[in-house]
Each structure stands twice: as C-alpha cells, then as structure tokens.
Amino acid sequence: MRENKKWLMLVLMMFCVLMISACSSEGGNVDGEKAQEIKVRINDDPDFLDPHLATASISYQMILNMFEGLFAPETDGSLSPAIAESYELSEDGLTYTFNIRDNVKFHNGNTVKVEDITYTFDRLMGTKNGDPLSSNFNNVASIEAPDTDTFVIKLKEPNSNFLYSLTALQSAIIPASNEGKHNDNPIGTGPFKFVKYSPGANLELAKHEDYWDEKLPYLDKVTFVFQSDDQSALMALKAKEVDLTGVPANRLAEVENDFNIRKQNNNSTLVVTFNQEREPFKDVRVRQAINYAINKGDIIDAVFSGYATPIGSNMSPAMGDYYKDGLQDVYARNIEKAKELLAEAGYPDGFSTKISVSSHNDMYSNIAQVIVENLREIGIKVEIEVVEWGIWLERIYFGRDYDMTTIDLTGRPSAYEILNDYISTNDSENFFRFKNAEFDKIMADVLKEADRDKQIQMYQRAQEILNEDSASVYIADYQVLWASDKEIEGLKSYPFWFHDMSEVRFTE
Amino acid sequence: MAYIIRRIILFVVTMATVSLITFSVFQVMPGDPIRIMLGTEADETQVETLKKQLGLDQPLHIQYMDWVKGLVTGDLGDSIRFSRPVTELLADRLPVTISLALITLIIVVIVAIPLGIFVAKRQNKLSDVVFSSVTQLGMAVPSFWLGMLLILYLGMNFSFFTISGYVPWTQSVVGALGALLLPALTIAIPQIAVKFRYVRNAILEQLRLDYVRTIRSKGITEKFVMYKHVLRNSMIPILTVFGLITAEVVAGTIIVEQVFSLPGIGQLLITSISYRDFPLVQGIVMYITFVVVFINFIVDILYSVLDPRIRLN
C-alpha cells in the first residue's frame, strides 16, 4: 500500500513536469514584442565599465555605446564632431579651442557643462587626485574653461595625432557628479544608458531618451550576453536565445543556410613575428627568407576559410587613404629565393626554433601548424609551444622571452597608433624589438606635420619600411562573420572593435 | 560539546591549510592579474595606478596577511577582475550553484536508491547484468560530452529547456527548472551509474545477514523485510557515499556550468583562475571547503539519527 502511494507521487510529479513544459512551449513565441530588443553575444566580460579604466578591446565593443568624447571615430577612420561641435587650432599647432555642443545630456538628465569636461581631463591626467589614469595626455601643458561653451587645451609640442585621443576610446566625457561611482554605475552621454551589469552573465543597456541626435537610437534595449564557448553560442543562436553572434570562419557551414551572415572587416593585423634581438632573427635575410617561405594563402584558407584579406605591412585596407597597397604581393611564395637568403645569412641547412602561442583562441595554434609545415620546406624546424594567455602576456609580450610567436594586433582608428608599436623607443609595445632609424624619424616627424596628404605619404613610407625590413610576416586582416536570425540593418563596421548599436534595427 | 569543539578546530585547520595551499600555488604561478585583464593595449601609467590602488605592489605575503585580516572581520576583499566585493559576487552566483547541486542530488537519490533496490532484488538475473553493464557506460561518459548530447537532443527540441544562461527562481520557476534540469541531469547520470551499485551492494550485504533470515522465518512479508529492516540498516554505508557525492557534485558543476553557460560558482572559479584574481579564487576555495566540511558534519550527525548506537565522539 505504502509503495503504491509512492508510485502515485512519482507519476504525479512526472505529469506536473510535462504540464509545465507544455505550457511554456505555447508561451514561447513572443517575437512581436522582441522586435526592439537585441541580444548580442560577446566572448567575455568587460574589464571595466569606467571608460577611463577600460583598456581591453572587448570592453570597448560594448561600452562605446554608452560614452562619447569630444570627437567620435567614424567607420573610415576619420573623426566627426561629437560633444565638441567645432574646434580651432592655433597657428603654432599648440592651442586647441573647442566649442561645446549645447543640448548634450548625460544619462542622469543633467546637461553636459564645461566643468564636466574639465573634470574628465583632470581625472585622466591625475592633476586633481595625483594618480594619472592615462599617458595619452603627457603632452598637455594646460586645460582651461574660459566660458560656459568653450574648452581649451594647450599642448607642449605640436601633435598631428592629438585629436584621436579625444574620442570615447581615450577620453570619454563623464559627469563630475558621479565621482566614485564611474565603474559601478557608469554615466555617459552615448545613445544607450547603463541598466545592469551581472558579472559573468550579461550587460544590459537601454535607450537614452534625451540623446542629442534625436533620430537615434532605434532599439529600446541592448543586452550583451557573455559566452566564451563558440559551440554554446551557436546553439544559443539556434535556440533564439541570442540574436547576433560572431561565428568562427571554420564553423560557418553550420549556420550559413539558416541564418543571415554578414562579413565585417575589423582592421586587425595578424602577424607571425620573431624576436629581433635574438639570433638568427637579427639578420634581415633570415626574416625575409621566412617571409618568402610562408604562404599567406595557406593560412587564410586553413584558419579563416578564405575570409581574410592578405596584407604586406602593419596596416589593413580598412584604413582607407593611409593604407599602402601592393605590399601584400612583395613576398610572394618563393622557396628557392628563401633558401638562397638563408644560405647567404649562414644557415644553408636551416635551424631549429620554437613558436610560442597563446591558448585562449584556437586560431593561434592552427596558424602555428601551417607555419611548421611551410618552414620545414626551407629546412627550419619549428616546435610549437602553447601557453596560457596570462603566461603569453607575461613571458612573450612583456618579457620578450621568445623566438617566434603569432598574434593579431587590434585595430585603432589612428594610423599613428597602429604603427607606433615599431618605434624602437616604444618599450611597452615593441615586443618585436624592431629597430630602424628611418622608421623612427618618420614617426617623429609625422606628429609635427600638419598637412594630411603629407602625413599619408609618411605613413605609407613607414609601411614600406616594415615590409622591406620584414619586421614581421604580415598575414591578413581577417573578417568577423556575424550570424543573426533576423534581418538586421545598420550594423556598422569600424576600424576597431566596436558593436555600434545606435543605428541597428530589425527590418522585418 | 567536546565533539563540536573538536569539529570547529578541525574546520579552522582545514581552512587555513587550504588557503595557504591556494596562496602558495599563486606564488609560483606566472601571470599578472592586471596585465591579463588589460591585454596587449595596457597603458603603463594606468597599470601602475591600478597596482597601487589594489595594493598589488605589496609583496605577496603582505597581501596574504591583509587578506587573512579581512577574513577575520568577514571581509573577503574585492575581486580584481570585476572590481566588486568577493562576497557580493559569491552571493550572486550561489543560488545558481546551490539550485543545481540540490536538483542533482534529488535526481541522484530518487533514481539511484530505487534502482539499487530493484537490482538487488533480482541478483544475478538478466536485469542485474544489463544494469551493471550500463553502469560501465555511464561511468565512462565525459560530462561535457553528455551535456552537449543533452543540449542537442533535448535542449534544441523542447523550448522548455534553456540551453545557455540562467533564469532566477524569483523571475520564473518554470524558467529556472528549464535552465537547470539539463545540467543537473548531466552531472547526475554518471553519479547514478556509480551510486546505484553502492546501494545494491549494501542491500545485498544486509540480505546475507542472520537477522534477515530470522525475520523472514517469522513469516513477515518480503516488502516489510526490505523496507523496514534491510533498507534502514543499509543506510549507513549509503549515507557515507552520498555524503561524498556532494564533493563530486560541486566538482561536476565546474565543468557543467561552462558547457551550459550557467553563471555559477564553478564558472566564476575558472574565470578567476585564468585571470589570476587572487582574492576571488581564495573566496571561492574557502566557500567550497566550507561546504564539503559542513556536509561531512551533517552526515556525522545523521549517522547517530539512523543508528542510535553510534555516538558523536
């Protein structure tokens, strides 16, 4: 009797579960209401929500929707006015006078005042609290606010790249009244405002009703969902739990037929590089030999299924006028030439070396495998070492304890900031240990050059030097492939990582 | 009373040892939390300022002592990666992991015990052989793969299941069940495969004893023999095993939370290790140690409830 009761309970429980599941499947279709809300999958949490502390490119993908600087970076790498409506530069190239836009409101409803702008720069330079948050403004002599609509920055030396440090990437304007809460409850002026951040789960943003550009944004709500695993992300897309996700090129086939796919150039520079302080990579002939031996096409096909643009220097065609075309063909594959160069350098039988790659993305070890095969043909034996991202940063990027490695360098809106990694005195970023006097001189001169056409010539020459000297093997700018279950319009492609949601809308 | 005091001392010693081991591992592990967080774009000025603000420019042993001081006052410090108090992060994640662990335990108990009894009654018959072979399979299946199969065949076909992410109970009970049932099954299946064998063996062992023959000879029904006497007496070894499950379930949640993108303690632990987030790792390790020690304590108490002959000393 007692046993019978137990069985009855069990059957009842099963029945309940079935009922519940049946009900929920009926209630599952709410597409009509969802139209103004988008869920975007992102690989990882932001490092900081405070725009002055945020550094990792993954953070900017999201938080640039909340913040604006005096200027806004555009899709072609140029700048457009944002909080500054216009500006004037003095003859000597030292004094910038900005005219502040009138109707800009913070997410808390307050109007942006010149005091907030002063506060922003004081905070970045550490002039008030003593701890600077950025080294971008070391060249600033003084800041002033002569009246309520005007803001003035004086430089110590002319710098043709200075305006690029006035975007939300480096100096987002934030309200003085929010002091101490910029990371927990960030307030900016961007098209979306902060709602909630759940570490490890998601970041919710909502429409900023008082946005100065009244047409924008279209969406009411944006949720960035953090999911590091591509497999789970694709499944979440299929189950309609996310609306938009990046897809690795080698998995494109799984979603190609059922979803909308868009391709986005991302201005990244994928390099296979070497420690130029070490033998044998000190010798330019060895570096050139490796360049001739590596087949970019093999890597593009094997790792990116063809969705990448080959490059020949540290610049992607995404940079428009600044990009020097033709360099991608200089080191067309030539095994004979590579062997000759190696022999000239004193390595007729090749040598053994090691390529150290990070494990945080399969891409790097896949590339390394192609490199091993390519270099074997000219007698270079390459061993692959896979290390954790934290160790890669510590030992390879900052410690410079490596022979060869591969990494994708993230794009930035300014050509100067892309190329300055190779300046011999740039200790923090020049992990290649590249050294070239002509290159250093061009990069110093270009900051003093006011004429844009001349700047372009100089940046192009700098790219040629990197190519001639074989500072790295420049492989490709790979495309980011986006899969969405609905027709989405207004997804813009920037020369840096930014999921601009301001003009995104569903077209169904 | 003496028992309680001994338990507490043991608990403190365990916690201290575990935290010291975690600390030592961190000392030899390469990688800098700020560098990992900021990546290749790090601005040197900012790195220096942050290190100063977070006290990371201090030698490790001083950082450790500061952490111990905080612990005494109930403050686990701030996470480096998420710039939030560790206690707050843990509190956010606890409901997910606790729910997952409880559902898993319930599934294991309601399946493994009846199954064990069922198989024990049919010793050496066909069903016993079949179930024993299935056990081998259940034990051998890696949980991440099992999770993916469940996602593929159940998660994709029934909208009841959420295959990634979590829905809080307060928001929707159905949603929470939908999000937790598949991951719980993923952890439970290999556990059931192992645990029902324990139940079976414990019962078989009891069935061989003299008292069973005696009560049977009194003419009592087989059901009464099984549920009134045998089951109760086999509960001691079964309880020991189910106490151990808790540790395994906690370990299981670490992998399964990754597969199902559940924002629980396990996922937080993986993140905190890869980011070298020392305060957060310590906080989580302390929590897990506490749970395991606490469950063992409960199991000890239950022993004396089940068998009054066992005294707590």
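Figure 1. From the N terminus on, the elements of chain B run α-α-α-α-α-α-α-α-α-α-α-α, that is, 12 helices and 0 strands, where helices (H or I, at least four residues) and strands (E, at least two) are DSSP runs numbered from the N terminus. The model is a predicted one, in which local features need pLDDT of at least 70 and side-chain atom pairs count only at pLDDT 80 or more, while totals for chains, interfaces and linings use all residues. Residues are numbered from 1 along each chain as its sequence is written, chains are lettered from A and ligands numbered from 1 in the order in which they are written, and side-chain values use heavy atoms, with hydrogens and water left out. Along its principal axes, the C-alpha trace of chain B spans about 85 × 55 × 35 Å. Of the 313 residues in chain B, 48% are buried, buried meaning under 20% relative accessible area, exposed over 50%, and partly exposed in between (1.4 Å probe, protein chains only). The accessible surface of chain B comes to about 15,200 Å², with 68% of it belonging to carbon and sulfur atoms; such areas come from the Shrake-Rupley method with a 1.4 Å probe, and for residues only the protein chains shown count as cover.

**Figure 2. Helix α3 of chain B and the residue that follows.** Helix α3 of chain B covers residues 44-54, and its buried residues are B:Thr45, B:Gln46, B:Val47, B:Thr49, B:Leu50 and B:Lys51. These buried residues of α3(B) pack against α2 (33-38) of chain B, a contact being defined by heavy atoms within 4.5 Å. Just after α3(B), B:Gly55 takes a positive phi of about 75°.

**Figure 3. Chain A as a whole.** Chain A has 15 helices and 20 strands. Its radius of gyration is 26 Å, close to the 23 Å that the globule rule gives for 508 residues, so chain A is as compact as a globular protein of that length; the radius is taken over C-alpha atoms, and the rule is 2.2 Å times the number of residues to the power 0.38. The C-alpha atoms of chain A fill a box of roughly 90 × 70 × 40 Å, taken along the principal axes, and 58% of the 508 residues count as buried. Among contacts in chain A between residues at least 6 apart in sequence, 69% join residues at least 24 apart.

**Figure 4. Surroundings of A:Phe224.** A:Phe224 lies in strand β10 of chain A and, at 0% relative accessibility, counts as buried. Leaving aside residues up to four places away in sequence, A:Phe224 touches A:Val40, A:Ile42, A:Gln61, A:Met62, A:Asn65, A:Ala201, A:Asn202, A:Leu203, A:Leu205, A:His499 and A:Met501.

Figure 5. Most residues other than glycine have a negative phi, and most peptide bonds are trans. The peptide bond from A:Leu216 to A:Pro217 is cis, with omega near -10°, and A:Pro217 lies in the loop between β9 (202-207) and β10 (221-226) of chain A. A cis peptide bond also joins A:Glu279 and A:Pro280, with omega about -5°, and A:Pro280 is found in the loop between β13 (269-274) and α8 (284-293) of chain A. A:Arg433, although not a glycine, has a positive phi of about 60°; this residue sits in the loop between α13 (415-419) and α14 (437-446) of chain A and counts as buried at 18% relative accessibility. B:Ser83, likewise not a glycine, has a positive phi of about 45° and is placed in the loop between α4 (60-72) and α5 (86-121) of chain B, where B:Ser83 is partly exposed, with a relative accessible area of 23%.

Figure 6. The structure holds 2 cavities of 30 Å³ or more, a cavity being a set of points, on a 1 Å grid over the protein atoms alone, where a 1.4 Å probe fits but cannot get out, with lining residues having an atom within 4 Å of a point. Grid points are joined across faces, edges and corners, and a volume is the space filled by probe spheres set on the points. The largest cavity has a volume of about 90 Å³; of the 13 residues that line it, the closest to its centre are A:Leu409, A:Thr410, A:Arg412, A:Ile418 and A:Asp421. This lining divides into 3 nonpolar, 6 polar and 4 charged residues, where Ala, Val, Leu, Ile, Met, Phe, Trp, Tyr, Cys and Pro count as nonpolar, Asp, Glu, Lys and Arg as charged, and the others, Gly among them, as polar. The second largest cavity has a volume of about 80 Å³, and its lining includes A:Pro46, A:Asp47, A:Tyr197, B:Arg81 and B:Ser83.

How values were computed:
1 Å grid on protein atoms, 1.4 Å probe; cavity = no way out; pocket = protein on both sides within 12 Å on 5 of 7 lines; lining within 4 Å.
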